[in-house]
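Visitor: I have a model open and would like to go through it with someone. Can we take it piece by piece?

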Amino acid sequence: MGAFRWFSLFVSIWLMCGSAHAERRIALVIGNSAYKSVPKLSNPANDAALVGGMFKKAGFDWIDIRTDLNASEMRKALRDFGGRARDAEVAVVYYAGHGIELDGTNYLIPTDASLETDSDVLDETVALDRALFAVEPAKQLRLIILDACRDNPFAKTMKRTVAARAIGRGLAKVEPTSPNTMIAFAAKAGSTASDGDSKNSPFAAALVERLPTPGLDLRKAFGFVRDDVLKNTSYKQEPYVYGSLGGDDVAIVAAKPAATGPQASPDDAIRRNYELALQLGTRDGWTAFLSRHADGFYADLAKGQLNKIAAEEARAAAVEKARRAEDDKARLAADRAKKTDQDKAAAIAKAAEDARLAAEKVKQVEEAKTAAAEQRRKEIEAAVLKALADKQAAEKKVSFETDQKLAALPSPASSPEPTQSPQELAKAVHSELRRVGCLANNEGSEWSAKSQRSLTLFNKYAGTKLNTALASSDALDAIKARSGRVCPLVCDQGFKADGDACVKIACRAGYRVNDDNECEKVQDKKPVATREDAKKRDDERRKVEAAPAKPQATGQIVCGQGGCRPVRPGCRLQPTNMYADAWRRGGTVEVCN
């Protein structure tokens, strides 16, 4: 009893002192708005303040909110955050601002970047891998949230030093290599995100709405974020999450404990003592716990923890022995001792190393056993908690049964009368489907295959699971609950969506609508020779070739006693060296055929 009192006192002091510096959940929030080389972004600084406030309300132990950072400040902020992440369970980095993808690698752009050429990206930006490196030491969850898929103005003016170098639209797909790591993009890889028309971007607004929900698993929370952003951007922007987590639920905010009812553990005092000993994690702590609780479920767990500690002590002793043996071996080699002594030292060192490896394996086995036992403990306690919660829910259901029945009764203004016929119900569902944009034409009072396809579309975009085989009051109530358009507007070729209507695309003079519903310039038609033109040209060429050649002047001059004159047509000059007479040689003579 005395030992346990000292143990409890020590643990209480340790918990009070440790809570002051233990930061189990930390977050770094960066918002870059005031860019120097491109127009300012209006929302990232506001988004950073909003998301940082969300983490504060969620109870995070440490939050650093930074805005308008240059390259050196961003690198320093990530370096400092990585140092804190070594002792954290959960590490989150949120970034809002410009980003760029170059040859499949993503980069975050500081406010002082100019990016005149593509090679400047490597020097003036911060790689996304740097942020992944910063969150990697966290033990339970590593989360990066990027609202950086905006249309990048740097890419439009950037000079390419290599013609084949690819600069993508938006950010590239990322597959984290570390376990329990998630990367959330504001828009799917290869697409861009909207900065929004309000104070905050649609992605940031959805984050602060969904992530702080107590007990909501992170994967499901981001699914709700996706649905909200799709709806608020008329299905133009789809957030996407890369990476994976384990089977356990991971929530930003833990589920609220039940307000009434007993605790989850079957033995409250033993459970509290066990958790204190688990936090301390020493041999003395577990020995004191077993002296108080010698048998039972928690006693078996405590014995497993003692075996784990014993395995760690054996491993540490083996490591030390191996180190000493290696030192002796090195010393004998340095002193040039006898070969027999060196061989003996080498054998001892090898045996010590084998013992160390064996101790390592034993430690790993004990750690695996302890982890499995802890998992079973959590599952048992969770099952007890669920059973108690179900019991409380059943009791609450009984006590409020009357109110629930009254609330479930349909009101005349919003629901059909109980006596409504199937034809009237189908007509009402058709009307509501047409209102939310899932049905093009009025299908009357018959529930057809087209009606089923329309309700299937509603299920897809509203996230519901209504029965499409027939029109029901449940389907009518669910559709009526939607205030605006649910299904996206699909327009024919040559038309575009304008609100809730399709309007014809008007192109300026000299342009036409192409297959992608974009205006493109009409190419001038080049003249093409016809068969008649080619025949006429061939006939004219034959006449010219058949006509006798007309004599033409050669441009030569002949001179004699009467002066000089041009050589007559059809004649030529010929040297006189070819004549036998000596008086004719050395000149030229006009020869005519």
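Visitor: What kind of model is it, and what cut-offs apply?
Guide: It is a predicted model, where local features need pLDDT of at least 70, side-chain atom pairs count only at pLDDT 80 or more, and totals for chains, interfaces and linings use all residues. Residues are numbered from 1 along each chain as its sequence is written, and side-chain values use heavy atoms, with hydrogens and water left out.

Visitor: How many helices and strands in the protein chain?
Guide: The protein chain has 17 helices and 17 strands. These are DSSP runs numbered from the N terminus, helices being H or I with at least four residues and strands E with at least two.

Visitor: And what share of the residues is buried?
Guide: 34% of the 593 residues count as buried. Buried is under 20% relative accessible area, exposed is over 50%, and partly exposed is in between, using a 1.4 Å probe and protein chains only.

Visitor: Now H9. What span should it have?
Guide: The 13 residues of H9 should span 18 Å at 1.5 Å a residue, and the end C-alpha atoms are 19 Å apart, which agrees. The expected span is 1.5 Å times one less than the number of residues.

Visitor: Which of its residues are buried?
Guide: In H9 those are Ile270, Arg271, Asn273, Tyr274, Ala277 and Leu280. After the helix comes Gly281, with a positive phi near 70°.

Visitor: How do H9 and H11 pack?
Guide: H9 and helix H11 (residues 297–334) have their axes 11 Å apart, at an angle of about 10°. Axes are lines fitted to C-alpha atoms, for helices over the stretch in contact, and angles run from 0 to 180 degrees between N-to-C directions. H9 and H11 are therefore roughly parallel to each other; the classes are under 35 degrees for roughly parallel, over 145 for roughly antiparallel, 65 to 115 for roughly perpendicular, and oblique for the rest.

Visitor: Which residues make the contact?
Guide: H9 contributes Ile270, Arg271, Tyr274 and Leu278, and H11 contributes Tyr298, Leu301, Ala302 and Gln305. Contact means heavy atoms within 4.5 Å.

Visitor: Back to the rings. How many aromatic pairs in the whole structure?
Guide: A search finds 11 aromatic pairs. One of them is Tyr274 with Phe289, edge-to-face at 5.9 Å centre to centre and 75° between the planes. Rings of Phe, Tyr and Trp (its six-membered ring) pair if their centres lie within 6.5 Å; planes under 30 degrees apart are stacked, over 60 edge-to-face, and the rest tilted.

Visitor: Where do Tyr274 and Phe289 sit?
Guide: Tyr274 is in helix H9 (residues 268–280) and Phe289 in helix H10 (residues 283–292), 15 residues apart. Tyr274 counts as buried at 0% relative accessibility, and Phe289 is also at 0%. Ring pairs link Tyr274, Trp286, Phe289, Phe297 and Tyr298 into a cluster.

Visitor: What does H8 pack against?
Guide: The buried residues of H8 pack against strand E7 (141–147), strand E8 (181–185), helix H7 (202–210) and strand E9 (240–244). Among those buried residues are Phe222, Val225 and Asp228.

Visitor: Last one: Leu115, buried or exposed?
Guide: Leu115 is buried, with a relative accessible area of 0%. Its phi is positive, about 50°, although Leu115 is not a glycine, and its place is in the loop between strand E5 (105–108) and helix H4 (120–124).
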